[in-house]
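Have a look at the structure first, then go through the points in order.

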Amino acid sequence: MEDRCRYFVTLSYDGTKFLGWQIQPKGRTVQGVLEEAFSKILRMKVSITGAGRTDTGVHARYAVAHFDLPKLLGKSERADLTSHLNRFLPADISLFGIYLVDGEAHARFDATSRRYRYYVSLSKDPFTTMYETRLRGTYDFESMNEAAKRMLGTHDFTTLSKKHTDVKTHICTIYKAEWVQVVPDKWYFEIIADRFLRNMVRATVGTLFMVGRGKMSVDEFEAAIVAKDRSLAGTTAPAEGLFLEDIVYPFELKD
């Protein structure tokens, strides 16, 4: 047996009371709460590496992370550990399962695609204020969808990225970008890509809002992306409407 064994953990969390995924010097984060729980239950220091870094207030229906242990856990042991951790973790984090993977598997770098949804409501709903963004006024979702189609394919998305990040490239491949109507007054924007830049989804949504309000044409939206200039994009949309929905890997997570 190797000196260490690598495991993937799948989970969901309500991001409302978290300062994002990544550990911060001060404040409650998803990574910090997970590492504290794993370390306490397993009685050893456990470091958790996430598939991505969601921002403050952003939610995840399905997220993935990995960690290493100096021992092999069987199927029943992993199931027991998942159950024990769920009893210990706060109500706003839930684990789905823990899976033994190849020692070189990486939750972030091995992901082949990620799917996000951004939820909006055209009417006031006191029960969903922390999970969707309220839009006031009239929005042309047909034009917003026409603009979203211009994103499909492989492009440089500097315009829709947070400035001064440490990424080596701003090139991403978008597989899907579409507004979907759920009921007459509720919609979501679904976007699937091989990778996302910092703040990219919320910057995209904020810019599509401009198209929907008639402040930017579909052609101007496309031209803004081509220009690779963040100042041409819209304001970053609020965090509460954004959910990480799925992450895909080239291998199956098996018990």
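**Notes on the domain interface**

1. Let's start with the polar side of things: between domain 1 and domain 2 there are twelve residue pairs in polar contact, with both partners at pLDDT 80 or more. On the side of domain 1 that touches domain 2, the residues split into six nonpolar, five polar and five charged. Keep in mind that this is a predicted model.

2. Where are the domain bounds? Domain 1 runs over 5–109 and domain 2 over 113–246. Their C-alpha centres sit 28 Å apart.

3. On to the contact itself. Counting residues, 16 from domain 1 are in contact with 16 from domain 2. The size of an interface is often quoted as the accessible area lost when the parts come together. Here domain 1 and domain 2 bury about 1300 Å² between them, and 46% of that is on carbon and sulfur atoms.

4. How many salt bridges are there between domain 1 and domain 2? The count is three. Elsewhere in the listing, Asp55 pairs with Arg202 in a salt bridge, with the closest N and O atoms 3.6 Å apart. If you want the cut-off in mind, a salt bridge here needs the side-chain nitrogen within 4 Å of a carboxyl oxygen.

5. For the structure as a whole, the salt bridge total is 17. One to look at is Arg4 with Glu104, whose side chains meet at 3.8 Å, N to O. Arg4 lies in the segment before strand E1 (5–13) and Glu104 in the loop between strand E4 (93–101) and strand E5 (113–121), so this pair ties together parts that are 100 residues apart in sequence.

6. Now the annotation. An unreviewed UniProt entry carries "domain: Pseudouridine synthase I TruA alpha/beta" over residues 12–94 and 147–250. For residues 12–94, the end C-alpha atoms are 5 Å apart, and the span is 33% helix and 20% strand. For residues 147–250, the end C-alpha atoms are 30 Å apart, with 25% helix and 31% strand in the span.

Conventions:
Residues are numbered from 1 along each chain as its sequence is written. This is a predicted model: local features need pLDDT of at least 70, side-chain atom pairs count only at pLDDT 80 or more; totals for chains, interfaces and linings use all residues. Side-chain values use heavy atoms; hydrogens and water are left out. Domain bounds come from an automatic or database domain assignment. Contact means heavy atoms within 4.5 Å. Buried area is the accessible area (1.4 Å probe) that two parts lose on being put together, summed over both. A polar contact is a pair of N or O atoms within 3.5 Å; within protein, one must be able to donate a hydrogen and the other to accept it, and residues adjacent in sequence count only if both atoms are side-chain atoms. Ala, Val, Leu, Ile, Met, Phe, Trp, Tyr, Cys and Pro count as nonpolar, Asp, Glu, Lys and Arg as charged, and the others, Gly among them, as polar. UniProt positions are given in the numbering used here, feature names are shortened, and annotations may be inferred rather than shown by experiment. Helices (H or I, at least four residues) and strands (E, at least two) are DSSP runs, numbered from the N terminus.
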